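Work through the exercises below with the sequence and coordinates at hand. Each task is followed by a stepwise solution.

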Amino acid sequence: MSTVTTETSPIHRAIIAFLSFQFLKSSMQDVVKFLFLKSYKYALENDIVNKNYAQFVKIAKKEESKEKVPFTREEIDKLWENMNNLKYGDLVLILLYTGMRIGELLKMEKSNIHLEERYMMGGSKTKAGKNRIIPIHKRIVPLIEKRMNESDSKWLFINRVGANLKYNSFTQYHWEPIIEVVGGNDELTPHSCRHTFISEMARLDVNPLVLKRIVGHSNSDMTEHYTHHNIEDLLEAVDKLE
């Protein structure tokens, strides 16, 4: 990023230095530049400065979004094989077989889990995603049951001191060991679990409206508003997964 350093004001030099930090994403650079453009406009109108130097700052090219990488069948099988050796391997498997966002699962309370009927109530982010019915695949029922019985905490997943497990803690300390066990593909992220679930369900020709309801995607097609899918339909869909 090119910068201008002819302005004598220390404040201006600080602004330019801040904008020139290469670790800032281009989207954040856009926000910061916009704020300082507005600040300079005010300063010009009130004779505080003589020139708007913020307009000369160039923003780095926007990063190209990486293609989402799904788990392979072999990686999922390795996860099952090594589940007992991984502290939160079951968390990843639950994500893979529900399509939940990791934030949704980490906030899941035991009171919203109905094991006998095989569904959870939860969700977040969008109107379609909140308070939705999330079917529980038959293979992960024992994993969830074990977590429900391991403590008196209201949360399904807890940390070593019994508090709600946080996303940053999981990704910082537990994600990499899990990925190493399944093959070491560093392109995999927690969101890859959701992407894998959606891709597999589409491959199995699951009704798109059913899939959208399970993962909490909205649909502009008005037919969705007049289509009701009960828990049996949702369970039938997820049980198609191996």
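**Exercise 1.** Find what share of the contacts with a separation of 6 or more comes from residues 24 or more positions apart.

Solution. Take a contact as heavy atoms within 4.5 Å. Residues 24 or more positions apart then account for 57% of the contacts in the chain with a separation of 6 or more. The model is predicted: local features need pLDDT of at least 70, side-chain atom pairs count only at pLDDT 80 or more, and totals for chains, interfaces and linings use all residues. Residues are numbered from 1 along each chain as its sequence is written, and side-chain values use heavy atoms, with hydrogens and water left out.

**Exercise 2.** State how many helices and strands the chain has, and in which order they run.

Solution. Helices (H or I, at least four residues) and strands (E, at least two) are DSSP runs, numbered from the N terminus. Counting gives eleven helices and three strands. From the N terminus, the order is α-α-α-α-α-β-β-β-α-α-α-α-α-α.

**Exercise 3.** Determine the surroundings of Lys-110.

Solution. 
1. Locate the residue: Lys-110 is in the loop between helix 5 (102–106) and strand 1 (113–114).
2. Classify it: Lys-110 is buried, where buried means under 20% relative accessible area, exposed over 50%, and partly exposed in between (1.4 Å probe, protein chains only).
3. Look for a salt bridge, that is, a side-chain nitrogen of Lys or Arg within 4 Å of a carboxyl oxygen of Asp or Glu. Lys-110 has none; the nearest side chain of opposite charge, Asp-152, is 6.4 Å away.
4. Look for polar atoms: a polar atom of the Lys-110 side chain lies 3.0 Å from the backbone oxygen of Ser-153.
5. List contacts, leaving out residues up to four places away in sequence: among them are Arg-147, Met-148, Asp-152 and Trp-155.

**Exercise 4.** Describe the salt bridge between Lys-154 and Glu-109.

Solution. The N to O distance is 3.9 Å. The pair links distant parts of the chain, 45 residues apart: Lys-154 is in the loop between helix 6 (141–149) and helix 7 (167–173), and Glu-109 is in the loop between helix 5 and strand 1. Lys-154 is partly exposed at 47% relative accessible area, and Glu-109 is partly exposed at 23%.

Technical notes. Lys, Arg positive; Asp, Glu negative; His and termini not counted. Polar contact = N/O pair within 3.5 Å; in protein donor to acceptor, adjacent residues only side chain to side chain.
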